[in-house]
Amino acid sequence: MGATGLFLITFLIVHAGINSMIFFNDGGETFNHWGHFMGSNFIIRTMEIGLMLFLLLHIVEGLLLWRQNKIARPVKYAVTRTDGKTKWYSKSMGLLGTLILIFLIMHFYHFWIPSRFGGMANIQPLAEITLGQEYNNQPVHNLYKEMQNVFSGNLIVIIFYVLGCISLCWHLMHGFQSAFQTFGVNHKRYTPIIKAVGVLYSVGISLLFASMPVAFYFGWVN
Amino acid sequence: MEHYHMNLTLKVWRQKNNKAKGSFETYKVKEISSEMSFLEMFDVLNEQLILEGKSPIAFDHDCREGICGMCSMHINGQVHGPWAQNTTCQLHMRAFKDGDTIVVEPWRSKAFPIVKDLMVNRSAFDRIIEAGGYISVNTGNAVDANAIPIDKKKADDAFMAAACIGCGACVATCINGSAMLFVGAKISQLALLPQGGPERESRALNMVAQMDKEGFGNCTNTYACEAQCPKGISVANIARMNKEYIGAGFATEEN
């Protein structure tokens, strides 16, 4: 879980970084430029296969853990009481992960599938929206326009995305520091730093992601 | 401390043997002194049951001074009851009020099968120790205590890991039924000292393999074990075990 989790954590930094280009508020020019780079670069596309495999592996590992741990306690306690120190989100990683998976299915449907396999009516070549960039005259998906379409009209979608980001935040709050413990890093001086960085990362990256659909909805970027 | 008496309702798990289907039985005990230990309260209840011609409740206990690791019991949803860093035998009735209802369950783990009532078989821990929780040294004359220099900090950490009494509270309280705190402590107390060095790789691999074989769950780093351990064993020992295990995997060619 730790290894795949850390890989996914580094992926989120790249994902959030490139998506933040929408806040240049330049009609998506910078964002689409980098979106195109990510979509067309051979190395990135190869890494994408790795990302999908790691995501799948993370899910499979989680399911195996869930199954084995269920078997380890065949008869449940009638009464359980929290000790006040154990975090609820540490004990709810399976649930949070499932919520994120449900979110991801929607998210893939909105963006990943259309941009990879085409077929969406409002995808236009870059040239048509005159962003001033061409790549060997090849048609390029206008991901920015897709974001606008998905996020500008439907409040339910916005709520769904924000809830997805909240689930992600709690999942990362446990996952970040937990990965280091799994690899044997538990140090008097460094573990508090790792935990603090974990909280900052979890809250920061989730807020950043959540701000994107919200910004489109309220027209802060257009 | 104020001394008082209390009447209590106890809901206790009764199960004839490992195969039988268990259930909760409700008992009333009267005039329990606040200065009694929890196990003494059970002694009173058992005498009451014997006088009534009923079978007394089976529960594990030995030293009754908090060092042997024999007593268990899941009391009102917590292993060893409501007090932190405390064993059931050292839990005193002043932790409860007159009229309280106390639910007492055996420790629930596939690797700790119920023997009878509140008694569980913790031999799985013994088998983990047999798999590598020792150092192989031929006995002879006692060597000078200061012959091997040991870093004070490491000696202290090893001592703190060795404080584990092997009661199994970590397994019982973990939502996954994982034994990683116990195994982590037992690996750490040897890995930190020079005498434990020569066999560190095979020890880590064999003890973890035995732990998995016994059917304990997996650690997901919720740290409930540390919060509930009667001896305050730190989860840093689990990290050390992980480090030992990962290192051993690369260091050894077989096993």
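Reply: A definition to begin: two strands pair if DSSP finds at least two bridges between them. Strands (E, at least two residues) and helices (H or I, at least four) are DSSP runs, numbered from the N terminus. This is a predicted model, where local features need pLDDT of at least 70, side-chain atom pairs count only at pLDDT 80 or more, and totals for chains, interfaces and linings use all residues. Residues are numbered from 1 along each chain as its sequence is written, chains are lettered from A and ligands numbered from 1 in the order in which they are written, and side-chain values use heavy atoms, with hydrogens and water left out.

Me: OK. What stands opposite Lys11(B) in E2(B)?
Reply: Thr26(B). E1(B) and strand E2 of chain B (residues 23–33) run antiparallel, joined by nine bridges.

Me: And how many bridges link E1(B) with E5(B)?
Reply: Four, in the parallel sense; E5(B) covers residues 101–105. Within E5(B), Thr101(B) is the bridge partner of Thr9(B).

Me: Why is E1(B) largely enclosed?
Reply: Seven of the ten residues in E1(B), residues 5–14, are buried, so the rest of the structure largely encloses the strand. Buried means under 20% relative accessible area; exposed is over 50%, and partly exposed lies in between (1.4 Å probe, protein chains only).

Me: Zoom out. How many helices and strands does chain B have?
Reply: Eight helices and seven strands. Of its 255 residues, 52% count as buried. The C-alpha atoms of chain B fill a box of roughly 60 × 40 × 35 Å along the principal axes.

Me: Which residues of chain A lose the most area to chain B?
Reply: Arg73(A), Tyr77(A) and Gln181(A), together 23% of what that side buries. The two chains bury about 2,600 Å² between them, 52% of it on carbon and sulfur atoms. Buried area is the accessible area (1.4 Å probe) that two parts lose on being put together, summed over both.

Me: How many salt bridges across it?
Reply: Zero by the rule, which asks for a side-chain nitrogen of Lys or Arg within 4 Å of a carboxyl oxygen of Asp or Glu.
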